[in-house]
Structures are given as structure tokens and as C-alpha cells.
Amino acid sequence: MSTLLTVRDLVVEVPARNIKIIDGINFSLDSGQTLGLVGESGCGKSMTCYAVADMLPRGIARIGGSVTFEQDAGGGRATPKIAMIFQDPTSSLNPVHTIGYYLETALYRHQGLKGMDARMEAVRLLERVGIDRAASRLRAYPHQFSGGMNQRVMIAHALAAKPQLLIADEPTTALDVTMQAQILHLLEELKAETGMALMIVSHDLGVIARLADRAAVMYCGKIVETAPVAELLQRPAHPYARALIDCMPSIDPQDLDPPVPIPGSVPLLDSLPEGCHFHPRCLRASVECSAHFPASAAVGLAHEASCYHPVAA
Ligand SMILES: Nc1ncnc2c1ncn2[C@@H]1O[C@H](COP(=O)(O)OP(=O)(O)OP(=O)(O)O)[C@@H](O)[C@H]1O
Ligand code: SF4
Ligand SMILES: [Mg+2]
């Protein structure tokens with residue numbers, strides 16, 4: 001597999017307020033691979049996605065580092081087709097346009113298809129994402145669809161671009177568990193079919209465990225641990241990653257350990273604690289933890305964490 005995306009020392013700021021939202025993160029993604037981004041609310045997962053897709057909101061800017069894509073044969077950098085799906089499908093679709101208009105416009109823009117060709121391809125895409133009676137559904141508006149159906153429409157819209165990289169920002173958070181399972185299954189199938197790379201954001205480690213090859217744990221705009229997903233779940237090294245796992249509820253009736261909440265809350269970006277930003281919440285913190293931010297270091301094979309006192313395997 002070749003490296004599709006390389007992110008180096010990425011820094012994203014709100015320049016007007018001199019606040020760093022993303023603070024020097026590094027990761028790479030191979031073609032066909034899935035990277036899961038996990039962390040509490042406000043840790044910078046969505047901004048990482050927007051920075052990769054070069055669609056940061058107004059007032060937020062990339063001020064350092066690089067986002068580069070696979071090296072093309074000529075030695076330049078070829079930008080792959082990137083598509084993005086969002087957490088709340090219904091509010092991401094324009095309520096005044098039909099599903100057909102939405103898909104056919106994308107097919108014209110990305111594949112140059114018009115008229116009957118675009119309509120037939122829109123039907124094929126809707127069928128591919130599991131929407132039945134697809135031809136008649138083209139006349140429907142988003143409010144006539146359920147959240148799960150609208151998320152399928154968003155995925156069909158993304159597929160119209162034939163993306164090499166699909167960024168899915170909390171694609172199942174707004175859905176019930178049955179819909180969630182269906183959407184995850186669909187993403188798995190599409191990945192296998194198309195060979196596209198996937199960046200998936202979720203609060204839910206279960207979603208990351210199911211879809212991702214590698215996971216990156218974010219805290220206050222930094223990646224504090226990254227590893228192959230099974231390794232991360234079985235042998236987390238960073239106390240924050242351990243704490244995220246420990247606060248996951250289990251559905252195993254044999255598992256009598258109650259979820260353990262993480263004390264405190266994520267600090268505000270304009271008043272981050274010195275040193276390791278997790279130290280006020282960390283049971284392993286020592287004096288040095290509040291003095292300097294720990295550098296990222298190898299703690300296993302393809303496994304790195306930024307911590308002075310990693311959790312023992
Ligand atoms: N327009 C903005 N101006 C200033 N700060 C912002 C803006 N948008 C987001 N932020 C801040 O950037 C930080 C990262 O936000 P981001 O949306 O990436 O978090 P997240 O990890 O995706 O959270 P969630 O899980 O809630 O979606 C947050 O602290 C947020 O408050
Ligand atoms: S560096 Fe210190 S405070 Fe930060 S996670 Fe590791 S032990 Fe905890
Ligand atoms: Mg987000």
C-alpha cells in the first residue's frame with residue numbers, strides 16, 4: 001500500500017484570538033487504510049478533518065505544518081478526490097432541493113454526467129447505498145427521509161465524486177443503533193469495493209474498533225497516542241486513552257466493572273494547563289508533567305504515546 005496522505009506538524013489557529021486549535025499533529029494514511037480519530041468533545045477531531053480537506057471555517061487558519069498527498073509519477077503532489085460526510089445528515093442537506101437534484105448536480109460536477117445518464121447513475125448510487133424504490137425517491141426532499149436514509153444519501157453523494165479519501169465526521173452519532181450498524185456495514189463494504197482510504201471520527205471506541213486499522217487519540221488539539229487499533233484497545237499507553245476505554249459501558253453481563261468516569265473536563269483552549277494538558281485530570285501525574293509537554297515516543301511496534309509515565313502493558 002502506498003501512502004496517500006501525510007500530515008506533518010499541522011497547526012491550526014483562530015488568529016483573531018491567538019488560540020491554537022490543532023497543535024503540531026502528525027499522522028499518515030495509506031490507500032485503502034482507515035484511520036480513526038477519537039477523543040472528547042472539543043479535542044480538535046473535526047478541525048483536523050477540515051484542515052485535511054482544506055475547508056477550514058472562516059476565521060480559522062492553518063498557520064503551520066503541511067498536508068500532502070501521494071507523490072505522483074512526475075514527482076509533484078497529486079491531490080486525491082476527497083469527500084466528506086457529516087454528523088447530522090438532515091441539516092447537511094439543503095431542504096429546498098430534492099435528493100435527485102442533489103445527486104445529479106454532484107454527478108455533473110464530478111463525472112460530467114447530464115440528463116438521463118445522471119438520473120440513471122443517481123438511481124444506481126441510491127440502490128448501492130441500500131435505498132429501495134430509488135427511482136421514485138429522487139423526487140423526495142430530505143425532510144421526507146429518516147436520518148439513516150439521509151446519511152445514506154450523503155454517502156451516495158460522496159460516492160458520486162469517486163473519492164480516494166472519504167472523511168466521515170461522526171457519521172453515526174445522530175442515528176439509532178440499528179441504523180448505526182447498517183451505516184457501518186455499508187462503509188465497510190464500500191471500502192472493500194472501492195479501495196478508498198477512510199478517516200473516521202467518533203466518540204465511540206466501538207465504532208473505531210470496528211472500522212479502523214489505526215487509531216489516533218486526540219486531546220486539546222494534540223495526538224497523544226497512536227497505534228494499530230487492536231493494540232490501542234488492548235494495551236493503551238497514555239492514561240487518557242486508558243481512561244477513555246475505562247469509561248466505555250460494556251454490554252457483557254459477565255463484566256461487572258462499572259464504567260469509570262474521567263474526572264474533570266476538557267480545559268478551554270485559551271487557558272490550557274502548562275506541560276501535559278491532561279495533568280489536572282491524570283492520576284499518574286508527577287511534577288514534571290506540569291512543567292513540559294512530553295514528546296511522543298515509541299511504546300510498541302507502530303505505537304507511540306506522549307506521556308512521562310505510560311500505563312504498563
Ligand atoms: N469558529 C470557531 N472559533 C473558535 N473556536 C472554534 C471554532 N470552531 C471550533 N472551535 C474550537 O476548536 C476546538 C476544536 O473543535 P472541533 O470541532 O474540532 O472539536 P471536536 O473534537 O470535533 O469536538 P466534537 O466531538 O464536539 O465534535 C474546540 O475547542 C472548539 O471550541
Ligand atoms: S504526561 Fe503525566 S499527566 Fe500527562 S498523561 Fe502522562 S502521566 Fe498523566
Ligand atoms: Mg466534531
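A residue counts as near a ligand if one of its heavy atoms lies within 4 Å of it. The model is predicted: local features need pLDDT of at least 70, side-chain atom pairs count only at pLDDT 80 or more, and totals for chains, interfaces and linings use all residues. Residues are numbered from 1 along each chain as its sequence is written, and side-chain values use heavy atoms, with hydrogens and water left out.

**View 1. Residues around ligand 1.** The shell holds 15 residues, of which Ser41, Gly42, Lys45, Ser46 and Met47 come nearest. Helix α1 (residues 45-52) gives the largest share of this shell, three residues; helices are DSSP runs of H or I with at least four residues, numbered from the N terminus. By class, the shell has six nonpolar, five polar and four charged residues, where Ala, Val, Leu, Ile, Met, Phe, Trp, Tyr, Cys and Pro count as nonpolar, Asp, Glu, Lys and Arg as charged, and the others, Gly among them, as polar.

**View 2. Polar contacts of ligand 1.** A polar contact here is a pair of N or O atoms within 3.5 Å. Serine 41 places a polar side-chain atom 2.4 Å from an oxygen atom of ligand 1. For lysine 45, an N or O atom of the side chain is 2.8 Å from a ligand 1 oxygen atom. Cysteine 43 contributes a backbone N or O atom, 3.1 Å from an oxygen atom of ligand 1.

**View 3. Residues around ligand 2.** Cys276, Cys282, Cys289, Cys307 and Tyr308 come nearest among the 13 residues around ligand 2. This shell comprises nine nonpolar, three polar and one charged residues.

Key. Chains lettered and ligands numbered in written order. Polar contact = N/O pair within 3.5 Å; in protein donor to acceptor, adjacent residues only side chain to side chain. Helix = DSSP H or I, 4+ residues; strand = E, 2+ residues; numbered from the N terminus.
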